[in-house]
Structure formats: structure tokens, C-alpha cells
Amino acid sequence: MNVLGIETSCDETAAAVVKDGREVLSSVVYTQIPLHQPYGGVVPEIASRAHIEKIGAVVGETMRHFHEFGGGKLDAVAVTYGPGLSPALIVGLNAAKGIAKGLGVPLIGINHIEAHLHTPFLVDPDDASASDVPAPAECMPALGLAISGGHTAWIDMPAYGRYTVLGQTLDDAAGEAFDKAAKLLGLGYPGGPVVDRIAKEYLSAPKKDMIAFPKGRPREGVSALAGLPAELCVSFSGLKTALLRYVQREGEALASEGEIPRVVASYQEAIVQAVADRTRTALRRSRRNSLIVGGGVSLNSRLRKVLSDLAHEADVRLLLAKPRYCGDNGAMIAGLAFFRRNHEEDAMRLDVNPCLEVGE
Ligand code: KG4
Ligand code: ZN
């Protein structure tokens, strides 16, 4: 079964064709990052306009690669219908509806966060190690960690395609926390990759002197916990304020060589340790076979190392996506659709849902 997947929930216009939910036959991602860079974050109107301008070319190129590869016929079209920016989601959904109707194939609506958790299962046709990647069903029950610029959530996956949120961020997502710190320190947008690079250099030096930033603990009883246990939630607002205060207090020292890397590495460590702590707690609570991680922040080298040690300790299999599938892409949408075909019924009447919940 060949599925065309379309993704336009934020600042990537992406499409892909995936065979039987796993094999990526063609994948094209157009990133709008340079358009949003001057603003230090994603501007919804700019995102929407760029999606309109690029969607045709991105889908066209995806189909061209697919046919060059041997092609065949498309059996379904899948599309992200939430969560995300409403004017951006609409562009992808309308395109997908038109293509599905034109081809006379089913349309499958996909949840963007659930799709991030499918990325470790994607393989490329030329992958020598493809046979080492397990099938989703072999990894259940699993703990999912979706960690990106828009989301940070711990998700129970008792069987493939079933999702319950166990914990989440109460304010900023981890990626957002990286982006805001980079903006404050004048390091550019997006912040994650530059923070990762600077911190890696600092941490590889023999002498390290880390600043003790708060580790993302939410206050017990905060109303935003919405019934979720505090020990499985994070809050990065205190960390952000601590960084701001530090910058205000140490402004002059920050100009000295070596100080920015120390701040950046310490800030990253606070986020990584907060995420690791909640992950460890969730893994201790019930027996699981694997830890499945997806989303742009899963590119972070320090987070990858800490999660790998943690999975080893907890004796669970760690599943991380290849770097090219960590950020937003169409392959994760097309891939998950193969396993979520039960969602196809009323899809032609589907509307975008910017606040779509996991497991809805
Ligand atoms: O998954 P993604 O492309 O989009 C969303 O669904 O949000 O994630 C983008 C986020 C940005 O906040 C970016 O700063 C962060 O992922 N990111 C990283 C790294 N690379 C990207 N964060 C930490 N370390 C990285 N190496
Ligand atoms: Zn995403």
C-alpha cells in the first residue's frame, strides 16, 4: 500500500510517499526557517503564505521521485489535521482533499504528535540496517516521548495506534525553551542546533563548571496540571526566568570568553535532566518493552546520550529516528496512516483541529 503524506502544521511544507507504513520511497521537505529567522520565531501568516506558494511544487517533486523510483499507484492520501497553526494546517488539508478526490482514493487524517512517534520505524530503500529496525507491534507496550518545538509529552502506548498522555509540559515545549534562550543570548533561530553545538564543545573540555539552573519541576497542585501527576510533567517557565535573571545580573561577565558556553551548556543540561527524570519515572511505573522518541529536540546529542544510558539502565529498547526524520516531514504522516486506516471514514468532511489532543 502506497500512501502520499502531506504535512503543513508549522514551518515545514513536506510530502512523502511511504510503502506499507515503513519504507520511504520519496520524501521532500521545504523548510521555511530562513523566512522566520528575522522574527526569532514562526509567524503564522508568513507560514501560511509560504505553504500556499510551495505545496504544489513539494507534492510535484515528491511524486516525480516516486515515479522515478518505480512508482506504482497511490492507494491513499494522508494529511496532518492537527495540532498546529490553523492557517498552515488548512493549506495541507485542502491540498490533500483535492488530490484524494482527484485520484478517487481515501483521505486519512493524522495527528502530528502521534506521527512524530512513528519516525523511528521509517526505513529507506537503500538502508543496509533496515532489517534491524523492529516493527511497531514488536515494541509494545511502549513509552512515547514526543519532544519538539511545539510539544513535550510522555505518552503511554499499550498497543500500536493507542495513545494516552501520561504527562506533559505545562508551559513551553523543550524546543521552545531552547529557542527562547538562544534569542535572549543573541544566538539566532532556531536555538536548538546552536545550543547543542556550543554545549557539546563546552562539555568536551576537561574543566567544567556548571550553573545550577532549575530543573523544570512544576509546583504541586498547579491548576494547569489538569489531572496529570506533577512528577510526570515539566514546566520550563522558571528556567527561562532564571536565565533572564542570570543574564541581567551577569551582563558584563557574559561578554567574557567562555561564559556563554558555560551558560548554554548549563541551560541545556537543566532541560535534558528534567526530561530524563520524567522519563525514568514513567518507565518505573509500569513494565514496557521500549522507549520511542520523536520530534526535533530528539536531535539533541546530549539528550540522545542521556536517554540511551537511561534505556540501558531500565532495560528497555530505545528507538530514535534518523536525523532526517526527527524534524517535521511527510513520511511520518504517510507512515502512520498505514496503521491508522480506521480513521479514514469521514475524512472528506474533516476539518483542521489546531488543538487536537493525542489519542483523540
Ligand atoms: O519537530 P520540529 O521540527 O517541529 C515541531 O513540531 O515543533 O522541532 C523543531 C524544534 C525547534 O525548537 C528546534 O530548536 C529544536 O526542534 N531542535 C533542537 C535541535 N535541533 C532542532 N533542539 C535541541 N537540540 C537540537 N540539536
Ligand atoms: Zn513536529
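Which residues does His116 touch, not counting residues up to four places away in sequence? With contact taken as heavy atoms within 4.5 Å, His116 touches Ser148, Gly294, Gly295, Cys326, Gly327, Asp328 and Met332. This is a predicted model, in which local features need pLDDT of at least 70 and side-chain atom pairs count only at pLDDT 80 or more, whereas totals for chains, interfaces and linings use all residues. Residues are numbered from 1 along each chain as its sequence is written, and side-chain values use heavy atoms, with hydrogens and water left out.

- His116 lies in helix H4, which covers residues 112–116; helices (H or I, at least four residues) and strands (E, at least two) are DSSP runs, numbered from the N terminus.
- His116 counts as buried because its relative accessibility is 3%, where buried means under 20% relative accessible area, exposed over 50% and partly exposed in between, with a 1.4 Å probe and protein chains only.

**Overall fold**
- The protein has 11 helices and 10 strands, and its C-alpha trace spans about 65 × 45 × 45 Å along the principal axes.
- Among contacts in the protein with a separation of 6 or more, 74% join residues 24 or more positions apart.

**Burial and surface**
- Of the 360 residues of the protein, 53% count as buried.
- The accessible surface, from the Shrake-Rupley method with a 1.4 Å probe, comes to about 15300 Å², and carbon and sulfur atoms contribute 52% of that surface.

Technical notes
Chains lettered and ligands numbered in written order.
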